[in-house]
Amino acid sequence: QVQLVESGGGSVQPGGSLRLSCTASGSIFSMIAMAWYRQAPGKQRELVATITTADTTTYADAVKGRFTISRDNAKNTVYLQMNSLKPEDTAVYYCNVDLWNTPIVRQNYWGQGTQVTVSS
């Protein structure tokens, strides 16, 4: 089994910054893609950013130029640096990891979520 532990959420004023981290541990043969999603109250979960093993990144239009996703393969960790935060960024942020448990077993996992609140 694999566990994902997220950290770094909190409350910040508009224009502020936060850095989220998500570390995977357990039965990991190799990591594949890693991503961050978010879900605001009353809304569907949406994709925020992704990063592949080749460090190719994609971003939702709403966060382009403000958020940066990165990964540390040695630590099985994905980060989300969030700058110039806006009230509409308020949501629970979830990491998602696609990985090989063994050379033939591939699974997808979700973190427990971390709250980000942007308010003055």
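Two strands are said to pair when DSSP finds at least two bridges between them, and the views below apply this term to a predicted model.

**View 1. An open sheet of four strands.** The strands follow one another in the order β1-β3-β8-β7, and their pairing is antiparallel. Because β1 (2–7) and β7 (67–72) stand at the edges, each with a single partner strand, one side of each is left without a neighbour in the sheet. From one strand to the next, the twist averages 15°.

**View 2. The pairing of β1 with β3.** Strand β1 and strand β3 (residues 18–26) run antiparallel and are joined by six bridges.

**View 3. The salt bridge between D89 and R38.** The closest N and O atoms of D89 and R38 are 2.9 Å apart. Since D89 lies in the loop between β8 (77–82) and β9 (91–100), whereas R38 belongs to strand β4 (residues 30–39), the pair ties together parts that are 51 residues apart in sequence. D89 counts as buried because its relative accessibility is 1%, and R38, with a relative accessible area of 7%, is buried as well.

View 4. Through salt bridges that share partners, R38, E46, R66 and D89 are joined into one network.

**View 5. The salt bridge between D61 and K64.** In this pair the closest N and O atoms are 3.1 Å apart, and D61 is exposed, with a relative accessible area of 64%.

Notes:
Residues are numbered from 1 along each chain as its sequence is written. This is a predicted model: local features need pLDDT of at least 70, side-chain atom pairs count only at pLDDT 80 or more; totals for chains, interfaces and linings use all residues. Side-chain values use heavy atoms; hydrogens and water are left out. Helices (H or I, at least four residues) and strands (E, at least two) are DSSP runs, numbered from the N terminus. Axes are lines fitted to C-alpha atoms, for helices over the stretch in contact, and angles run from 0 to 180 degrees between N-to-C directions. A salt bridge is a side-chain nitrogen of Lys or Arg within 4 Å of a carboxyl oxygen of Asp or Glu. Buried means under 20% relative accessible area, exposed over 50%, partly exposed in between (1.4 Å probe, protein chains only).
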